[in-house]
Number of protein chains: 2
Amino acid sequence: MTPARFEVIGKAVPKRDGAEKVTGRTRYLHDLDVPRMVHGAILRARFPHARIRRIDVARAACLPGVLAVITGQDVEQHPFGFVKDQLALKRDTVRCIRDEVAAVAALDPVTAREALELIEVEYEELPGVFDPERAVEAGAPLVHDGLGSNLTPLRYQFSHGDVDGAFARAAAAVEDTYALSFVTTACLGTMAAIADWDPEDRLTMYSTTQVPFLYQKDLAAALGLSGDRVRVLQPPVGGNFGRGLDLYPIDVIAALLARRVGRPVKIEFDRMEEFVGSPGREACTIRLRTAADRDGRLLARDAHVVIDNGAYVSWGSTTPYVMLSTVAGLYRVPAIRFDTTIAYTNNPYSGSMRGYGNLESTFAVESQMDDLADRLGMDRLEIRRRNASQPGDVTPQGFTITSCAMTECLDAVTAEIRHDAPSLVPGWQRGVGYAGMFHVGGGARIYRSDGCGAIVKVDDFGTVSLITGATEIGQGSETVLAMIVAETLGVPLERVTVVNSDTAVKPWDVGAHASRTTFIAGNAARLAAEKVRADVLRLAAEQLDEPVEHLDVKRGDVFVTSDPRRRLPYDRVVRSGHLRPGGRPLVAEAFYDPPTAMLDKDLHGNVSATYGFAAQAVMLDVDPATGAVKVQRIVSAHDVGRALNPLAAEGQIHGGIHMGLGYALSERLVVEDGHVLTSSFMDYAVFKAEDMPETIVKLIETVDQEGPFGAKGLGESGVIPVSAAVANAVKDAIGVRFTELPITPARIHAALRERRP
Amino acid sequence: MTPARFEVIGKAVPKRDGAEKVTGRTRYLHDLDVPRMVHGAILRARFPHARIRRIDVARAACLPGVLAVITGQDVEQHPFGFVKDQLALKRDTVRCIRDEVAAVAALDPVTAREALELIEVEYEELPGVFDPERAVEAGAPLVHDGLGSNLTPLRYQFSHGDVDGAFARAAAAVEDTYALSFVTTACLGTMAAIADWDPEDRLTMYSTTQVPFLYQKDLAAALGLSGDRVRVLQPPVGGNFGRGLDLYPIDVIAALLARRVGRPVKIEFDRMEEFVGSPGREACTIRLRTAADRDGRLLARDAHVVIDNGAYVSWGSTTPYVMLSTVAGLYRVPAIRFDTTIAYTNNPYSGSMRGYGNLESTFAVESQMDDLADRLGMDRLEIRRRNASQPGDVTPQGFTITSCAMTECLDAVTAEIRHDAPSLVPGWQRGVGYAGMFHVGGGARIYRSDGCGAIVKVDDFGTVSLITGATEIGQGSETVLAMIVAETLGVPLERVTVVNSDTAVKPWDVGAHASRTTFIAGNAARLAAEKVRADVLRLAAEQLDEPVEHLDVKRGDVFVTSDPRRRLPYDRVVRSGHLRPGGRPLVAEAFYDPPTAMLDKDLHGNVSATYGFAAQAVMLDVDPATGAVKVQRIVSAHDVGRALNPLAAEGQIHGGIHMGLGYALSERLVVEDGHVLTSSFMDYAVFKAEDMPETIVKLIETVDQEGPFGAKGLGESGVIPVSAAVANAVKDAIGVRFTELPITPARIHAALRERRP
């Protein structure tokens, strides 16, 4: 199909939930009020590492309005988490400042929080370890006594080609260690959960999860139930960005409290608790070496990643899965060595966060592309072009590149970044930086099924309902999936309703992550809609007395292609097909699981059905006197396969750039000696609207062979290269290579002063 | 299948929503609170017939907290109703005391009602007509000026065989005119609606409707929208009994108010408004003649029904559709004449109500069975046995009787009614009365589709979701549909979840009426579950390496029939089928529309796929001194095809008997000169628990060939024969034939005094 043939696809369609949201009508989980609901609150550890000697809840339990106080000792619970290393309510020992020690249910949230103050906990403080390198040294305090070491069971090792030989014969090699801080998702909607048991001991959870079926399984296991006893409802959330990818204690505790008091229990974090209690992006260091020949062709990369795992393992420590993909796949590199050290510490633990390891590794890899070019005296863009991936490439891990417009992305940002540039304030110094991006674009098989189901039904009035497994977390999936169904069926978009928020209703999906929803859920929706379309044409063929092949359906009408005046509204076709002897309304279902493989034990396998590519250019000005940075412009070019909804695609990229600029220049969750010092948006410097640069997005369409209408995922690609491009621009401006984020004015100022001798 | 083979079917299963309801957890529509919701109230007519001269809303609109006041003049509305003869907010003329003149939206319900008092309406009172016989006389005031007559467009005429000849040669003939009063459904949950427009001008209605898809269509039309712009949610209701079968002004007004104020609007009736504003059972008279030969064989019936239509046509005036079925089908009758006069009056209009015409006609028909027996000197049971329908019969309308245990039902109640009877209080007189019942049992095609859809999905944890078109109105459909799916799939009942309350989610169904849900929705659920069962067996065959034909699934395990130790839990089978290359979870859908026909213009056609039969015997004692009646015992025998859930089947019959006893002996909505005088449960005498007799239910299983597991519908059959059996028992006790209901102590006392002279 050529773009001209599309009626819905490719049009700029505002997000369908946009009007609801901007008019204040959206009923977020926080706004929900279930009958008889009471409120829960969680008491957290006072020390990052301590033995719990005694908990006295008597005074709290006596506070009027308090219905229950529970501790780890008096509820049945089962270990959960990525390696099942934590209980929701801790027993005996607290291992980080986030640790849940007791919980209260009360008639109102104020009373619940007041009761927390009345719980007396006697601790025996233990020595803590707050640095992963230190944690693996002999004699370091053990975070988990029983393990005998602070090494987590996670290790990602990969080797391909002759790395040492490559470095030996390289014309140039660079090496640095890159340090990345903890950051938080800064969702405007904090973490929240409502747990509601029915009289048959079945649990309904209102959750901010973005993996509802995996959550159903994990929550049931943590409570000692079978998965079929948990139903998950997903009201609208105020941001998630990966935060909802794992099960966390808030959900388990809400369920335990609700069971104890026999009433629904809601727990929601306030902003301060969100900084301490919600999982963000992991702190890590990446030691990276890159070698190139005299022409600038990459010969090898060698990386070692050290991750501060915190007290328990969650998805933050699995990010090397993606870091490796970048080290081995961003540009052509024939030889790779990759290893990790992932160590328990007494810091809070991290989860999955948009970009998921790729911001970190791209920061390292793309910093070295510039440094290599400088070392070789090459143009920074030329070294990238020379190494750019091409269709047909297979990465050392076995990722098969099909559609790929890496070179075109580089060209697009180059063409635009310096065009008609704003004038420079006298005394400031300007720099331009570039970075590329490589990410999964057709799902990522991290679970045995990477599939999604879809059901499409059409009623007598032409309402088309898509019941999809997909999860909407603000990314616009409802809109794009409705567009796919409307285009496939040939009906106006406003006739399509999307249903997607109840595990009892919706078919399986592995969740919203890895930029997979448009691709995977989109393909499922398309397949189900194609079945309904075939039914509509078959019915219309009878009604118009024409062969099916002579018919088409567009803008809600079925018509004879050779004589378009002979036409019937599709809803009439459907109604006539129903309201007749032996008739029936139309319902069809489909399931799409991409033709991919999980990584094998050697981290080899084609995990995604296609891959996304992008390039960014950043123009920024630095004030050497103060270290202040003003980002003037960012150009972001993306190989999106096809832009199904250009407005939403641009929106995703704008949002990613916003998050990436914070990561590059201003955001840092300050954790010192295990204590979270950041406590408000006064401390945690998210980029404000007025800080945002001019942003130019270029959508490059390669029309992927496997994607729905040729689309590929792009939910994460906007955020990934930003910090690398910014760091390269800063170096371009002032000649200083920063290997640590965020690049704050204080750091710039200090670096310039140091250089000045 | 023999009953012994069933694991779930035939077991007494408590209603699944029972625990929720008795523990106060059920969230009825009344309990719902939508964000930003405000409250509506309706101003009704002060006179049953009047011209509206002027409405001044200025004072009401100024009351603090009032957001809008609307009248018929200032909103866009479209006629609706069975013959499209009313607007939700009346213009110019009010035609009954229920008529809606204005409506208010306010921040709280008290303010809304207060504002009603501030609306000034100037009326010019018009002469009214309150009796349908009077209404069709020349010179009667016209309810609808423009029509030129008070005759509604509805008329039901049927003729079959030589009626006059039959009466001419009859050995006995009886004739009477039976008078039936208005009664109300007396639902504990009053009528209520919440209307919520989204920013795209799509309407979500939270409704007590029991025909959600027809309601979607009708409401959209009344608002001038296409049906696809209305989504209907059906929260739990506190009773419906047919009240939810049509669209009524409350729904339209809630939508109009909500559109006006730009916020969701809830309207709920208080008890007083419910008596005035909710549709109940129509008042009518039935002139009936029956002829029999000397052996007591029926020769002919001749009926003329006069219905007080009230001011607008709703379903109450369509009840002759069923009255005719009874006149022509309850017992074998070779010749039939049937006609109706359905006249507008200035009374409130009636809707559909459980039993739907059949209580009325059965009261007449069964009174005459006794009177004929008396006239012929025959035994009252013998005359019934001699005329009882038998399998293979075809009624004069063309109803094809398949399974039929009418004779067995008569035998069953006879055997039980006098067994070990309680002693009689001295001075009181005892009577025993009998009545039979004939009703649709396999749907009733009143719309072009009598079908229902079902979707069954199984997740990785063995949760089986049934998404059904069916509507739960307290009758227990969720429970029996879950049982059908559990039995078909061979899984424990508690693994099955039923989803059924959102038109955007559920597949088409014509609604909860005509005792059709177990039969129609049950067959749809069974068909969808059979597809999933086949998939489960196919997957298990691969996993167990056995041919499918060697496998069975029961109690959640798939096993080799010849070696039952070789077994796999079904959820593991499903999970393994999903979590493998090319795998997928299981989803299937089905649609069932019974092999029936709509009545043609001559009222001929086989409207139901099967028919239900029942007989009741009532033993009661009358105190001649006071006219008091004490019902001692009622035995109710029902041909149910198969009792899928005997507990629920008995519950339905108990509930029906309760409603029937009120109709027979105590309930009457008093309407005088167009005014509803009944205003509370002090005036409206529903049978109290302590008034209820010993109730014995006999379920007779004929295993219907078309029903799901052999079942037939029985939702209405308990209520239908009660008033006839009671009247016959009263005649047996004191020798007086009552032709008017309710048979109150005052009426008995008056009749006995009259006879005494």
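Is helix α6(A) mostly covered or mostly uncovered, and how many of its twelve residues are buried? I'll start there, and a reminder that this is a predicted model.

The helix α6(A) is mostly covered, with ten of its twelve residues buried.

Now the domains. Chain A is divided into domain 1 (3-26 + 451-592), domain 2 (32-126 + 188-277), domain 3 (128-181 + 283-387) and domain 4 (391-439 + 604-757). Between domain 2 and domain 4 of chain A, the centres, taken over C-alpha atoms, are 37 Å apart. Seven residues of domain 2 of chain A are in contact with seven residues of domain 4 of chain A. On the domain 2 side of that contact, six residues are nonpolar, none is polar and one is charged.

Next, a sheet. In chain A, four strands form an open sheet in the order β19-β18-β17-β23, with mixed pairing. Why does one side of β19 and of β23 lack a neighbour in the sheet? In chain A, β19 (496-499) and β23 (586-592) stand at the edges and have a single partner strand each, so one side of each is left without a neighbour. On average, neighbouring strands in this sheet are turned by 20° against each other, direction ignored.

Inside the sheet, β17 (residues 452-458) and β18 (residues 464-468) of chain A run antiparallel and are joined by five bridges. A:Ala454 is opposite A:Thr468 of β18(A). Helix α14 (residues 517-544) of chain A lies across β17, β18 and β23 of chain A, at about 145° to β23(A).

Last, the two chains. Here 48 residues of chain B are in contact with 48 residues of chain A. From chain B, the elements that each supply at least two residues to this side are α1 (18-22), α6 (212-223), β17 (452-458), β18 (464-468), β19 (496-499) and β23 (586-592). By class, the chain B side has 16 nonpolar, 13 polar and 19 charged residues.

Notes:
Residues are numbered from 1 along each chain as its sequence is written. Chains are lettered from A and ligands numbered from 1 in the order in which they are written. This is a predicted model: local features need pLDDT of at least 70, side-chain atom pairs count only at pLDDT 80 or more; totals for chains, interfaces and linings use all residues. Two residues are in contact if their C-beta atoms, placed from the backbone, lie within 7 Å. Ala, Val, Leu, Ile, Met, Phe, Trp, Tyr, Cys and Pro count as nonpolar, Asp, Glu, Lys and Arg as charged, and the others, Gly among them, as polar. Two strands pair if DSSP finds at least two bridges between them. Axes are lines fitted to C-alpha atoms, for helices over the stretch in contact, and angles run from 0 to 180 degrees between N-to-C directions. Domain bounds come from an automatic or database domain assignment. A residue is buried if 20 or more other C-beta atoms lie within 10 Å of its own, exposed if 12 or fewer, and partly exposed in between; C-beta atoms are placed from the backbone.
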